[in-house]
Amino acid sequence: MDMPVNDQSLTPNLLKTDVLRHLTFTLGKDAPNASVYDWRMALSFAIRDRIVDPWFASTRKTWAGDHKRVYYLSMEFLIGRILEDATVNLGLRDMAVDVMAGFGQDFREIVDDEPDAALGNGGLGRLAACFMESMATLGCPAYGYGIRYEHGLFRQRFEGGQQVETPEDWLSQRNAWDFERPESSYTIGFKGRVETVDGREVWVPGETVTASAHDTPVVGWQGKWANTLRLWAAKSTTQFDLARFNRGDYAAAAEPEALARTLSRVLYPDDTTYQGKELRLKQEFFLTSAALQDILRRFTSAHSDLTTLPHHVAIQMNDTHPAIAGPELIRLLMDEHGMEFEPALNTARDCLGYTNHTLLPEALERWATFTFGTVLPRHMQIVERIDGWHRRTYPNRPHYVGIVKHHEVRMGELAFVMAHKVNGVSALHSDLVKTNLFPELHRLHPDRIVNQTNGVTPRRWLKMCNPALAGLITRTVGDGWESDLDRLDGLAQHVDDAAFLAEFDAAKRANKVALGGWIADHCGVQVNPDALFDVQIKRIHEYKRQLLNILQTIAHWDRIKADPNANWVPRVKIFGGKSAPGYAVAKEIIHLINDVASVINADEAVGDLLKVIYPANYNVSMAERLIPAADLSEQISTAGKEASGTGNMKFMMNGAPTIGTLDGANVEILQEVGADNFFLFGMTTDEAMARRQDPEHSRKAIEESQALQDVLQMIAEGRFSPDQPSRYHDLVHRIWHHDYFLVASDFDAYDFAQGQVDAAYANRNRWLRMAAMNTARSGYFSSDRTIKSYMKDIWSVTSAL
């Protein structure tokens, strides 16, 4: 039973009164005529009221103690729905369920009515959200800074199996958690020219917009502390042109406002055009400049010596998107506050940390010097000056290393040079950042790169989304595990207890039954809850190898058709994820998965032995349905390509063993859970690199695998695209001749590992023991552990609790 923890005076009657008060006086509705939306908003406002007190108290305590603050800059914050998460952290979920039932309202229906905030895409944004919640739980004074996207990434739907992108509309309704802060607005400049005035450089922007702040409180476990997520909306600095409007030029009259809003409309606009590239760069600067101006305003309101800024401010750049923070902070310190270049550089670097999230060279942003210099002319000067300073300070720097090279500004190198600490997000990834990504810079700065293995918040990803399992954990190890996840290790002594395993099994099956009902409603396919639920949910990308998964699914289907009366383990293959709009190969893989699903799901001879499910528009709320019901976690990226992964941790926490490669945090999951509870396959990073040296590697792998040959032949002859038999010829050709991500080379090993999965699942006690051991050994992967390490090793921040 949840207990209200931040306000012991709150009773069900008082919460009921608060809900009715907001329904009447905030929303202007009476109970008989209220819609689900009205009830959701009324309950949200009533819960929000309970967050405001700890939020204000946390702010006052930070100011009173002059505590150092963390500022987390990220282009994405994939926060998901807030209402249920807030009730869980405040200990009010059970009370809210009962109160709404008293009104004749279903709490689950109310929660599901809340739109997901369209503020992110994948792991990068979800990690930022987990970190914000853990910082609040640990009492680490912090602000998150992002952009208040009107339409987010995009809403995905399928037409004829193909991904179609439409705008997200999460802000079409009022946002109950949003506090607008018009007093916190800043002017952001672009383009223009740089002039010399009294011996100093002065930037005269040719364009300006206003960044206007919107705050969302982020409350930690038990409501003891709350931090702020501040999102910037872009507004025009030019008033509506009434003269043009009155002359009938209506479009021109509204043009400045429309152009300004473009900056905060869409996450990751298509950058295949010059206009798209310019917009991406403007967005990144818009976020970063607004955040830094806000940070300096807050600092200078209490302190006068800017050289002490690093004692009060820690700024974390979440990937290279905010890497312009180094030059912009230097510009503000020099041009606005009169500091000389080297003291400004040293001050900025001592404030800044950089988290690298990718080993893919194309994901490390590079801007043409023409584009960068056109959009940010003053910053181009500063970047060149930083590069020159670094070259002079480190004369042994190889000539081919630098921030500005080959008419490009390299944002990864810029972030590295301008950060006092650079971190990877898993042990393997951090090693590869040293040896493969930035080897020369690592030799010059051997103490700069540190590891901070990712984590996820157990409050959302276990306590909230899997109440059946969470209840079993509490009954088994006692209260308090939610903020001390290492206590899950106490479950290990119960994995041979038949009664415990029966309860574990019942919790999982209930989740699968619930998911099966949702799949029937949303996908029109009936699935067997006793089948093995095999789940791969993540961005669609070649290195994540959804293609490997669907190819093996075809091979499995072919075997079932050849001998349908054999003792097969029934499977439900579940995919989820979006492709970037301009990523043609990923979109082709999506199309193939849907085409294969159409054929397999209609095959009466196979029936319940195999189903393929791909619900559209994967997001946080869908993950909260899928992960608790998953039996198997697919983490099958090409070794050396996945930085960490956090979905793997969520699956593990919820009792789903992993089938995976030695990549990212899989390495540490394997160490924690043991080889007996993990289905390992595939080449190592070194083996993958060596394999690529053979130009014939894919052809040789295919010729050695009859199963893969048969699968590729079926695809090539149009078995899954009878209306267009040649549809996947290019994809098949790519596997034969351009298989950089080694799908063919790992196919047989993956296929064999899937056979091991079947054998384990068929032995029910063995499988349940494996699943329970995964939950028991997942304590290391709490984001609380990660944040404690950041606080100690990078930010030098202590808890204010």
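Predicted model: local features only at pLDDT ≥ 70, side-chain atom pairs only at ≥ 80, totals over all residues.

Q: How do I read an aromatic pair, and how many does the structure hold?
A: A pair of aromatic rings is described by the distance of the centres and the angle of the planes. Rings of Phe, Tyr and Trp (its six-membered ring) pair if their centres lie within 6.5 Å; planes under 30 degrees apart are stacked, over 60 edge-to-face, and the rest tilted. Here you have 25 aromatic pairs. One of them is Trp-55 with Phe-179, a tilted pair at 5.2 Å centre to centre and 50° between the planes.

Q: Where do Trp-55 and Phe-179 lie?
A: Helices (H or I, at least four residues) and strands (E, at least two) are DSSP runs, numbered from the N terminus. Trp-55 is in helix 2 (residues 36-65) and Phe-179 is in strand 5 (residues 179-190), so this pair ties together parts 124 residues apart in sequence.

Q: Is Trp-55 buried or exposed?
A: Buried means under 20% relative accessible area, exposed means over 50%, and partly exposed is in between (1.4 Å probe, protein chains only). Trp-55 has 3%, so it's buried. Phe-179 is buried too, with 17%.

Q: Which residues form an aromatic cluster?
A: Tyr-71, Tyr-143, Tyr-145, Tyr-186 and Trp-232 form one.

Q: What does a charge over a ring look like, say for Arg-69?
A: The test is that NZ of Lys or CZ of Arg is within 6 Å of the ring centre and within 35 degrees of the ring normal. Arg-69 lies over the face of Trp-63, 4.5 Å from the ring centre. Likewise, Arg-764 sits over the face of Tyr-761, at 4.9 Å from the ring centre.

Q: Now salt bridges: how many does the structure hold?
A: A salt bridge is a side-chain nitrogen of Lys or Arg within 4 Å of a carboxyl oxygen of Asp or Glu. The structure holds 63. Take Lys-512 and Asp-631, whose closest N and O atoms are 2.6 Å apart. Lys-512 lies in helix 20 (residues 498-523) and Asp-631 in the loop between helix 23 and strand 20 (632-635), so the bridge ties together parts 119 residues apart in sequence. Both residues are buried.

Q: Which residues are linked in a network of salt bridges?
A: Look for Arg-81, Glu-84, Arg-93, Arg-108, Asp-112, Asp-116 and Arg-625.

Q: Where is Arg-727, our last stop?
A: Arg-727 is in the loop between helix 28 (706-716) and helix 29 (729-737). Arg-727 is buried, at 16% relative accessible area. Its salt-bridge partner is Asp-723, with the closest N and O atoms 2.8 Å apart, and Asp-723 is exposed at 61%.

Q: What else does Arg-727 touch?
A: Contact means heavy atoms within 4.5 Å. Not counting residues up to four places away in sequence, Arg-727 touches Glu-588, His-591, Asp-595 and Ser-721.

Technical notes: Residues numbered from 1 in each chain as written. Heavy atoms only, no water.
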